[in-house]
Amino acid sequence: MDLTGVRAALGALSITGWDFRDSIPNVIYPPTVAVGRMRLDYNKAFGGLAYVDVTLHAFASMADNEQGQSDLLALMETDGLKATVEADKTLGGTCSTLNVESSEGPGLVDVNGQQYWSSSWTVRVYG
């Protein structure tokens, strides 16, 4: 599996109105979706395929509390970020397959002293 390629492919996704990033930037200009941590379990495999859990974070503005939360809830619908990520299950050939496992939010997070509404997704990517 090409971890750098996976990160780049997820950061290159597109949903109208959202800025996608392949890592969490120092300064966030919401609405933004960014690739966060990758969790590898070297001792487990499914059908011989190693996997990595990738966390995606969406950040929405707190300028309008209702709108920020509403934007995140729309992204959490099955036809939102999940559908966008799963549209190409090989991420352009960087992995064998993937599945969006879960989502949670919205909640408040702090990034470099600035608060945002945020939701997160766990994407299981198989090598």
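Guide: Happy to; let's begin with one term, contact, which means heavy atoms within 4.5 Å. This is a predicted model, where local features need pLDDT of at least 70 and side-chain atom pairs count only at pLDDT 80 or more, while totals for chains, interfaces and linings use all residues. Residues are numbered from 1 along each chain as its sequence is written, and side-chain values use heavy atoms, with hydrogens and water left out.

Leaving out residues up to four places away in sequence, Leu98 touches Val85, Glu86, Asp88, Lys89, Leu91, Val123, Arg124 and Val125. Leu98 sits in strand β4; strands (E, at least two residues) and helices (H or I, at least four) are DSSP runs numbered from the N terminus. With a relative accessible area of 2%, Leu98 is buried. Here buried means under 20% relative accessible area, exposed means over 50%, and partly exposed falls in between, using a 1.4 Å probe and protein chains only. For a sense of distance, Ser23 is 75 residues from Leu98 in sequence, and their C-alpha atoms are 19 Å apart.

From there, step into the nonpolar core. A nonpolar core is a set of buried Ala, Val, Leu, Ile, Met, Phe, Trp, Tyr and Cys residues joined through side-chain atoms within 4.5 Å. The largest one here has 26 residues, and those with the most contacts inside it are Leu10, Trp18, Leu56, Leu75, Leu81, Val85 and Val125. At least two residues of this core come from each of α1, β2, β3, α2 (65-76), α3, β4 (97-111) and β5. Strand β3 gives the most, with five residues. Apart from this core lies another, of five residues, including Ile28, Ala34, Val111 and Tyr116.

Setting aside neighbours within four places in sequence, its contacts are Phe20, Val35, Val54, Leu56, Val85 and Leu91. Leu10 is also one of the buried residues of helix α1 (residues 3-11), which are Gly5, Val6, Ala9, Leu10 and Gly11. The cover over these buried residues of α1 includes β1 (19-21), β2, β3, α3 (78-86) and β5.

Ser120 lies in strand β5 and is buried, with a relative accessible area of 16%.

Now for the rings. A pair of aromatic rings is described by the distance of the centres and the angle of the planes. Rings of Phe, Tyr and Trp (its six-membered ring) pair if their centres lie within 6.5 Å, and planes under 30 degrees apart count as stacked, over 60 as edge-to-face and the rest as tilted. The whole structure holds two aromatic pairs. In one of them, Phe59 and Tyr116 have ring centres 6.0 Å apart and planes at 70 degrees, so the pair is edge-to-face. This pair links distant parts of the chain, 57 residues apart, with Phe59 in strand β3 (residues 51-60) and Tyr116 in strand β5 (residues 114-126). Both partners are buried: Phe59 has 3% relative accessibility, and Tyr116 has 8%.

Finally, the charges. A salt bridge is a side-chain nitrogen of Lys or Arg within 4 Å of a carboxyl oxygen of Asp or Glu, and the count by this rule is three. Asp53 and Arg124 form one of them, at 2.7 Å from N to O. Asp53 belongs to strand β3 and Arg124 to strand β5, so this pair ties together parts that are 71 residues apart in sequence. Asp53 is buried at 11% relative accessible area, whereas Arg124 is partly exposed at 21%.

Another salt bridge joins Lys82 and Glu86, at 2.9 Å from N to O. These two both lie in helix α3, four residues apart, about one turn of the helix. Lys82 is partly exposed, with a relative accessible area of 25%, while Glu86 is buried, with 18%. Glu86 is also among the residues that Leu98 touches, which brings us back to where we began.

The remaining bridge pairs Arg21 with Asp19, at 2.9 Å from N to O. Arg21 is partly exposed at 34% relative accessible area, and Asp19 is likewise partly exposed at 31%.
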